[in-house]
Amino acid sequence: MPTRWGARWRQARTMLDQFCFPRVCAGCDALLTDRDRGLVCGPCWARLPRLPVPQCARCGHPRSATARAGTTCPGCPLLAPYVRAARSLCWVPHPVSSGILAALKYDGWLGVADGMGERMARLSWPPDVIAERAALVPVPLAATKQRERGFNQAERLASTVAARWGIPVVTGVTRTRVTETQTRLTPGERLANVRRAFAVVPADLPRLAGQHVILVDDVLTTGATLNACAGALFAVGVRTVSYLTFGRARTAADH
Ligand SMILES: [Zn+2]
Ligand SMILES: [Zn+2]
């Protein structure tokens with residue numbers, strides 16, 4: 001019975017692989033089982049600190065009780081005026097979301113991008129964004145960082161979302177100069193750091209001009225990087241820009 005022996009052989013190979021190369025969860029380091037698709041365990045996906053609803057229709061920021069009573073949204077001021085909408089899956093930092101991001105960015109566990117992108121693709125948007133979105137543009141890494149890492153995590157996320165939305169990923173934007181790493185900068189310093197740091201790829205212009213473009217990044221913190229990219233796109237004739245990120249940092253109003 002060759003098929004039975006084939007199945008037994010495959011089963012033995014799987015067991016041997018799991019013994020020699022055990023898969024561990026990117027969020028909690030627990031050993032993964034056959035039931036866990038990708039590189040994050042089920043309990044970690046369940047513990048992911050998703051942005052709660054209701055959310056601001058434009059910036060996707062959770063509306064607190066005070067905002068519902070009529071005060072301004074804490075997320076909208078982060079977006080440049082010409083940005084239509086923004087959506088993020090979960091809060092950062094948090095042990096689970098930060099662990100997943102670190103696995104993607106620093107450990108090179110690219111398989112984790114699929115589970116992230118699958119959940120990002122299911123976020124809800126205003127109907128006009130769904131009807132108009134024409135391309136996903138990943139926020140570019142600095143050339144040196146891209147060489148070091150060998151990939152751009154924003155591009156990986158954009159690709160997994162693109163496959164589900166049925167629209168293309170277009171490189172669109174490049175870095176024109178090296179910027180300091182943003183992590184230790186104040187919001188004002190971040191803005192100065194990234195201003196004029198991006199340029200639109202001329203060859204991609206025909207695919208982007210007059211379109212509604214979704215910029216993709218791993219995290220939305222102050223919005224400085226995304227706004228600088230959006231500014232570059234807007235300046236060359238992109239009609240509308242929206243943002244999609246995996247993580248979002250809390251603002252002072254969220255604490
Ligand atoms: Zn886990
Ligand atoms: Zn808002």
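Helices H5 and H8 are oblique to each other, since the angle between them is neither under 35 degrees (roughly parallel), nor over 145 (roughly antiparallel), nor 65 to 115 (roughly perpendicular). The model is predicted: local features need pLDDT of at least 70, side-chain atom pairs count only at pLDDT 80 or more, and totals for chains, interfaces and linings use all residues. Residues are numbered from 1 along each chain as its sequence is written, while chains are lettered from A and ligands numbered from 1 in the order in which they are written.

H5 and H8 pack at about 50°, with axes 8 Å apart. Axes are lines fitted to C-alpha atoms, for helices over the stretch in contact, and angles run from 0 to 180 degrees between N-to-C directions. The contact joins Ala113, Asp114, Met116, Gly117, Glu118, Met120 and Ala121 of H5 to Arg156, Leu157, Thr160, Val161, Arg164 and Trp165 of H8. Contact here requires C-beta atoms, placed from the backbone, to lie within 7 Å. Helices (H or I, at least four residues) and strands (E, at least two) are DSSP runs, numbered from the N terminus.

H5 spans residues 112-121. Its buried residues are Val112, Ala113, Gly115, Met116, Gly117 and Met120. A residue is buried if 20 or more other C-beta atoms lie within 10 Å of its own, exposed if 12 or fewer, and partly exposed in between; C-beta atoms are placed from the backbone. The buried residues of H5 pack against helices H2 (42-47), H4 (95-105) and H8 (153-165), and against strands S1 (83-92) and S6 (240-249).

The axes of H4 and H5 come within 9 Å and cross at roughly 130°. This pair is therefore oblique too. Ile100, Ala103 and Leu104 of H4 meet Val112, Ala113 and Met116 of H5.

Two strands pair if DSSP finds at least two bridges between them. Leucine 136 stands opposite isoleucine 214 in S5.

Key. Contact = placed C-beta atoms within 7 Å.
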